Amino acid sequence: MEKWVYTFGSGKAEGSARDVTRLGGKGANLAEMAAIGLPVPPGLTVVSDACVYFLKNNALPEGLRDEILAGIATIEAETGKRFGDAANPLLLSVRSGARSSMPGMMDTVLNLGLNDQTVQGLGHSAEDARFAFDSYRRFIQMYGDVVLGLDHAIFEDILDDAKARFGHENDTDLSASEWQEVIRLYKALIEEELGEPFPQDPMVQLAGAVGAVFSSWMSARAVTYRQLHNIPGHWGTAVNIQAMVFGNLGSGSATGVAFTRNPSTGEKTLYGEFLVNAQGEDVVAGIRTPQALTEKARIEQGHDRPSLEKLMPEAFAELTAICDRLEAHYCDMQDVEFTIERGALWMLQTRAGKRSTRAALKIAVDMVDEGLIAEEEAVSRIEPASLDQLLHPTIDPRVARQVIGSGLPASPGAATGEIVFTSEEAMAAEQEGRKVILVRMETSPEDIHGMNAAEGILTTRGGMTSHAAVVARGMGIPCVTGAGNMRVDQRNGLLLGLGVKLKKGDLITIDGSSGQALKGAVPMVQPELSGDFARLMDWADKARRMTVRTNADTPADARAARAFGAEGIGLCRTEHMFFEGERIHVMREMILAEDEAGRRAALDRLLPMQRSDFTELFTIMHGQPVTIRLLDPPLHEFLPKTEEEIADVAAAMGLLPRQLSQRVEALHEFNPMLGHRGCRLAISYPEIAEMQARAIFEAAVAAARETGAPVEPEIMVPLVGLRSELDYVKACIEKVASAVMREAGLTITYLVGTMIELPRAALRAHVIAEAAEFFSFGTNDLTQTTFGISRDDAAAFIPTYQRKGIIERDPFISLDFDGVGELIRIAAERGRQTRPEMKLGICGEHGGDPASIHFCEDVGLDYVSCSPFRVPIARLSAAQASILQRRETGKS
Ligand code: PEP
Ligand code: MG
């Protein structure tokens, strides 16, 4: 038979902290605290399965009532009070408590058990009577709202009228008889509204309250909260029924909350606040200003009212001892609720406390030093994505945000600046030392300088792998893309946002971590890579199996990535190396050349540039592996668009603008992402691959001579679907390799591999592996081609898909394990069938996404590669994935 109720009381409990699934977080921890002998008001927890039953059958399960009655009998035995007794009544609190904390989302009823008789039994002094009637009216008000469904504002109106009539300003001024009058009015209101009197039978009250708490699992706000936090709807909530303790019994009573360490700095000191003569709800309501717990905090915060430490030293000492005990017991920072009833301390809740990233790091590292947890446990406790908070300036969480638009969180961090609409304006502003946000419909390669000069980038179109997003992430510049609720009116120089019309020069702030655009300048918190960060990352590095490389196209990227701990370059997108200076023009000349001679002329000018770039990259990476990908330019990103650009390129090529326009038109593709790019370009124009191979090998020779640490270049061929494609390009590379080695009189070890970014390549991996010496999963294209969803157009409908529950996560951000992941598994397995030792990595954007990194560990990839600013996140995620894997397989 199912057990619905678990009791707890002094020194004993039927449940424990391990029973979170059935008892909810609150119930499980109340049981645990009671069992270890902490002062917990006795009570019982109704399991969450009862909620599931109730919601399905609209009735409480059979047997529950009897179990609750038996549980109440144990509470009565412990307190010496009786539920419903007129002389010495037991009052109960009824609170929700789900498996995962949902603060404030569900309902609570306090002071349950009061009625016209029991209210008389609460005490006989004038002060007790005042308290008794105040409690009774609070109960009617709460019950009326939560259980009977009446708007709490109508009770407030009655109270306000009464106060005005009696000439009082505060609730605390009302006398017992005045409260009795309010109670009479409340009860009359209920009877009038519902046609039934307020229930006097305590068991009826209790059944009503339990049902209401169960029902509040389905309240609109609870449903929304669950959606936002990925909490399944089928869990249901447990209900905790507990003897009431009162923090509002005069000046010797109080209620408060405490963190066992400071949740924003991590400092090991009790941190929290309390109110004298108050109930928990008064703290939440925020009407009165709470006081500090410790003298130290009181002084720091400049409060003039005394701390708990000063006011109630004995209760404070007991609270401190209990907090120490809880930390030692749970081995984690706790967030507790307590009440002091006439000097006696009662613990009402404990749970792992929420904390800032900075605090999380400090607490984890300190706890290792204190011998509370092991290094690997410390590594497991930090949320990898939260490291973003440390690597970029972020918006001060204490300030209010005026959101004027929202899009995708394309590149983390926050930035403030004046609005500019063109790259030229951004560069001019940089020269003058002004900070700007570059606002565009979308960006293209010629915006690179403007992007570099800007503090942040905002586009109204494009997705997470759009040009703006990829480039900004690489540069570590905050970026919001696809802000569809904003419009750029280029002609009039306006940015139209939610309820605002902004012009060039107006200040905005973008938050690349949330995807929001905000009006004006907003205070920021600056990054701080403290010693705790370095120590924890060291432990993470020891724990992980996969290596972490970076996607870097420039020396600046490579240096930044090394500083963040990258162990090689997993992807150098060579087309990105042509954004700088005059290079874009030469690159365009090469793409637009009519014939091989024209192309070779441009390539001859590109060769020295590439060679010096590669030499610098190899030198910076100092013997670490460097994967260079042959040119893979989606043509639409590189063709000149405006008349001005066409005129410029035409002049450089000695053509008339009209002639060039015709050429551009001839190159126009309907779907450039699936067009003449990747290895298709190298097959059409092998001279491009030859030039790149020569630049790579000559650079390898130069860098080896300079550093004495020879690099082993890994040359990667993009967008391969057929083995014959790879064979063709590989032959070009090998020919050049032999020539350069002959010329230099030196042997260079190198690898030629391919990206796996087309479903056909994944399926034919065993055949492709005959030619490929390594695979790198290009999951941006693999996602695009597996789903048949254009990377550049996905942002138009993916959010709708998510809102409507069609998909849970954007597959361009977090790997689709079932589909794209299946192809990766197949390719890894088949590739290794042919070439067991082959290196496997990932270089799509997913290489920096924690969930995707766990998948990569599972598939047995050798490395992940991501943009420089994500390297620490990837190091930590890879470590957590390894630790989890070891725990699951039982290997140490
Ligand atoms: C990919 O497709 O995942 C990839 C890394 O290449 P790109 O984003 O440059 O197409
Ligand atoms: Mg690709």
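Analyst: Start with "near": a residue is near a molecule or strand if one of its heavy atoms lies within 4 Å of it. Among the 13 residues around ligand 1, those that come nearest are Arg573, Gly778, Asn780, Asp781 and Arg791. The model is a predicted one, in which local features need pLDDT of at least 70, side-chain atom pairs count only at pLDDT 80 or more, and totals for chains, interfaces and linings use all residues. Residues are numbered from 1 along each chain as its sequence is written, chains are lettered from A and ligands numbered from 1 in the order in which they are written, and side-chain values use heavy atoms, with hydrogens and water left out.

User: Which elements supply at least two residues of the shell around ligand 1?

Analyst: β26 (569-573) and α31 each do. Three residues come from α31, the largest share. Helices (H or I, at least four residues) and strands (E, at least two) are DSSP runs, numbered from the N terminus. By that count the protein chain has 35 helices and 32 strands.

User: Why are Glu757 and Asp781 called donors of the magnesium ion?

Analyst: Donors are N, O and S atoms within 2.8 Å of the metal (3.2 Å for Na, K and Ca); water is not among the atoms, so sites may look incomplete. Glu757 (OE) and Asp781 (OD) lie 2.0 to 2.2 Å from the magnesium ion (ligand 2), so they meet the cut-off. Glu757 is in the loop between β29 (751-756) and α29 (759-763), and Asp781 is in helix α31 (residues 779-787), so the pair ties together parts 24 residues apart in sequence.

User: How do you know whether Glu757 is buried or exposed?

Analyst: Buried means under 20% relative accessible area, exposed over 50%, and partly exposed in between (1.4 Å probe, protein chains only). Glu757 has 2%, so it is buried. Asp781, with 3%, is buried as well. Of the 892 residues of the protein chain, 56% count as buried.

User: What makes the phi of Arg342 worth a remark?

Analyst: Most residues other than glycine have a negative phi. Arg342 is not a glycine, yet its phi is positive, about 45°. Arg342 lies in the loop between β10 (334-341) and β11 (344-352), and at 53% relative accessibility it counts as exposed. Leu719 also has a positive phi, near 55°. Leu719 lies in the loop between β28 (713-717) and α28 (723-744), and at 3% relative accessibility it counts as buried.
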